[in-house]
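Dear colleague,

Here is the structure I said I would pass on. My notes on it follow below.

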Amino acid sequence: MNNGRLLSLGTGRLRTVAAILISEVNQVITVGRMIDLAWDADPPARARGVVHNHVHRLRRLLVGQAEIATRGQGYVLLADPCAVDVNRFRYLVSGAHEAEPRTAVAKLRQALGLWRGEALADVPGERVRRALGVGLTQARVAALQELGAKLLLLGRYGELITELTAWLAEHPLHEELTALLMRALQASGRQAEALDHYHRTRRHLKDQLGIDPGPALRETYLAVLGGEPAGAPQFAGRTSAGPGPRPASGPGPGPGPRPRSGPADSYGPGHPSAPPPAVAQLPPRIADFCGRVRETVALDQQLDRLPRPDCVVLAGAGGTGKTTLAVHWAHSHKDEFPDGQLFADLRGFERPPMRPATVLAMFLRALGEPEARIPEPLAERSALYRSLLAGRRMLVVLDNAGAAEQARPLLPATPGCLAVVTSRRRLSGLVVRDGAALLTMGPFAAEDALELLGNALGRSRVAADRDAARALVERCDRLPLALRIAAARLMAHPDWSLGHWTAKLADERCRLQELSAHDADLAVETSLHLSYRALSSGAARLFRLLGLHPGPDVDAPTAAALAGRDPERTHRHLAELCDAHLVEEQAQGSYLRTDLVRIYAEQRVAVEETPTERDLARQRLRDHTARYGPGWC
């Protein structure tokens, strides 16, 4: 509102910038922090300018009502704090803490009456809602808990039952508020309804989160069951907006035995009831991560599907940055998985690959399982692993899987866990049989490739010869691995210009050799070779012979002519090449190769096929072209 006039901020990022400034009125907020909050994925290069433009628009909208001042590297919204609802809410709640019960109830009702739905519900951007909204929601629940305790103390059970029944109808997983409702129902002589609410909540927790009620709610259940006098349940200061991650606590009261009491660590190491220690196995992430906005958003969306068990497959050609993205995203969201993060390089395209049983043994030891208790059979190890993850919220990153069968025994089966699997193949078995989401990664967009080059070399060096930089990223096929190798070579030779290095890569005969960091693990050719040698013999032969085709794309009949095979078999081999991301099927039925893949295929056919075989394949291609015309090629 501006002097009684409703302001329209639209639904875009302007609304987000306004929310950030208003949430911390009279506090300086740096532009860097505003950028971090306003973009869910890595912000674009122009983000600082976007923020400045939005602040300028807000200044015009708020004339006469508030002032946005520049302070150092940031901005501050100067206004009466009580003009902001969240500050009025906090002021009233703070006053209720010291007031006598009846006055406290009035203040708390006034504070809670300021709410209109969920915090920041109409503000776009998941990151800003998490950063600013979660604390507000927790404060709202805490105020509702305090109101409930005061009403219970005053004996105003009917009011409390009405308040909590309406809230829990929309938020059925709040254990603290469920306990308050049970006490109010018990005090009103409605013991059966109180017990029914407990069992209903217990079913919700089990069905949606795979966990059992916490100790305080279980104790309330036992008190109501035993007819103890009504009193406000104690939650040791918990003010969460819902049941947060915690160790699985057994079946709880009701049907089945009552859970053990006492601290979990009294069970002793290796006890099946002892919670596994939090693990943090993620490798370091790179400091200059950039791009991959689409993929990052898609990964973020998987969090919205939790707490059900989930799996995402990041598939793409070698060198597209699958591991980099997975590790960067995992670090950015590790707070969402407070019970730990597991990581394993499955080496699916190396010889020998990691066996699932070996990885399971590593994971089980990391989860605190003694060596003597780790069974030998793969199925038993997998079952024990999933049992240890039950009721927990963990992230499992399985890097470089060679096949679905290698990753499947390592997938969690408990709600709240997420597995991110990277592979050069699509791993259709995990998608079809296990319901995994498939996210395919290709080369960088041109601007993202230039940003990566600028991050590595320095923006001034790239800006000094923008045309050469654009040519360089194209000769690297906009492949992150190739770009980083090229940048490393340039950093090692500061006297080289971008134009000089780009000219060296123009010679296709030595391009793959130049794109090597003189390390077997950091060469584009090595990366391509790992994918190539994993092909079946028929698909590998077709891949080689495609090196004789002069263009970047080829259709299935032309490929069949080159290979001298029937169309059905050729289609199977082309599908295998697509699965390995060595060719990409286009909408019009042709198959596209990047330049680096084409150059590698030319090298393989020159080395592995005899001159006679090459001549025969070329003749088959000429005959096919003469019969159907050059359009087929």
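A crossing of two helices is called left-handed if the near helix is turned anticlockwise from the far one by less than a right angle. By that criterion, the crossing of α8 and α9 is left-handed. Please keep in mind throughout that this is a predicted model.

Helix pairs

The axes of α8 (residues 175-187) and α9 (residues 191-209) come within 7 Å and cross at roughly 165°. Angles over 145 degrees count as roughly antiparallel, and α8 and α9 are therefore roughly antiparallel to each other. On the α8 side the contact is made by Glu175, Thr178, Leu181, Met182, Leu185 and Gln186; α9 contributes Gln191, Glu193, Ala194, His197, Tyr198, Thr201 and Leu205.

Another pair is α24 (residues 537-545) with α25 (residues 556-563), whose axes come within 9 Å and cross at roughly 100°. These two helices are therefore roughly perpendicular to each other. Arg541, Leu542 and Leu545 of α24 meet Ala559, Leu562 and Ala563 of α25.

The sheet

Six strands form an open sheet with parallel pairing, in the order β4-β6-β7-β8-β5-β9. The edges are β4 (279-280) and β9 (437-441); each has a single partner strand, so one side of each is left without a neighbour in the sheet. Helix α11 (residues 293-305) packs on the sheet and touches β5 (310-316), β8 (418-423) and β9. The direction of α11 makes about 170° with that of β9. Valine 279 has glycine 340 in β6 as its bridge partner.

Nonpolar cores

The largest nonpolar core has 62 residues, of which Leu21, Met34, Ile68, Phe89 and Leu177 touch the most other members. Apart from that core lies another, of 58 residues, including Leu483, Ala486, Ala563 and Ala617. Beyond its neighbours within four places in sequence, isoleucine 68 is in contact with Leu21, Val55, Leu58, Arg59, Leu62, Tyr75, Val76 and Leu77.

Backbone points to check

The loop between β6 and α13 (356-366) holds proline 352, and the peptide bond from arginine 351 to proline 352 is cis, with omega near -5°. Arginine 347 lies in the loop between β6 and α13 and has a positive phi of about 50° although it is not a glycine. Its relative accessible area is 31%, which makes arginine 347 partly exposed. Arginine 478, in the loop between α19 (466-475) and α20 (480-492), is not a glycine either, yet has a positive phi of about 55°. Arginine 478 counts as partly exposed, at 26% relative accessibility.

Regards

Key. Residues numbered from 1 in each chain as written. Predicted model: local features only at pLDDT ≥ 70, side-chain atom pairs only at ≥ 80, totals over all residues. Heavy atoms only, no water. Core = buried A, V, L, I, M, F, W, Y, C linked by side-chain atoms within 4.5 Å. Buried < 20%, exposed > 50% of the residue type's maximum accessible area, 1.4 Å probe, protein only. Contact = heavy atoms within 4.5 Å. Pairing = 2+ DSSP bridges. Helix = DSSP H or I, 4+ residues; strand = E, 2+ residues; numbered from the N terminus. Axes fitted to C-alpha atoms, helices over the stretch in contact; angles between N-to-C directions. Parallel < 35°, antiparallel > 145°, perpendicular 65-115°, else oblique.
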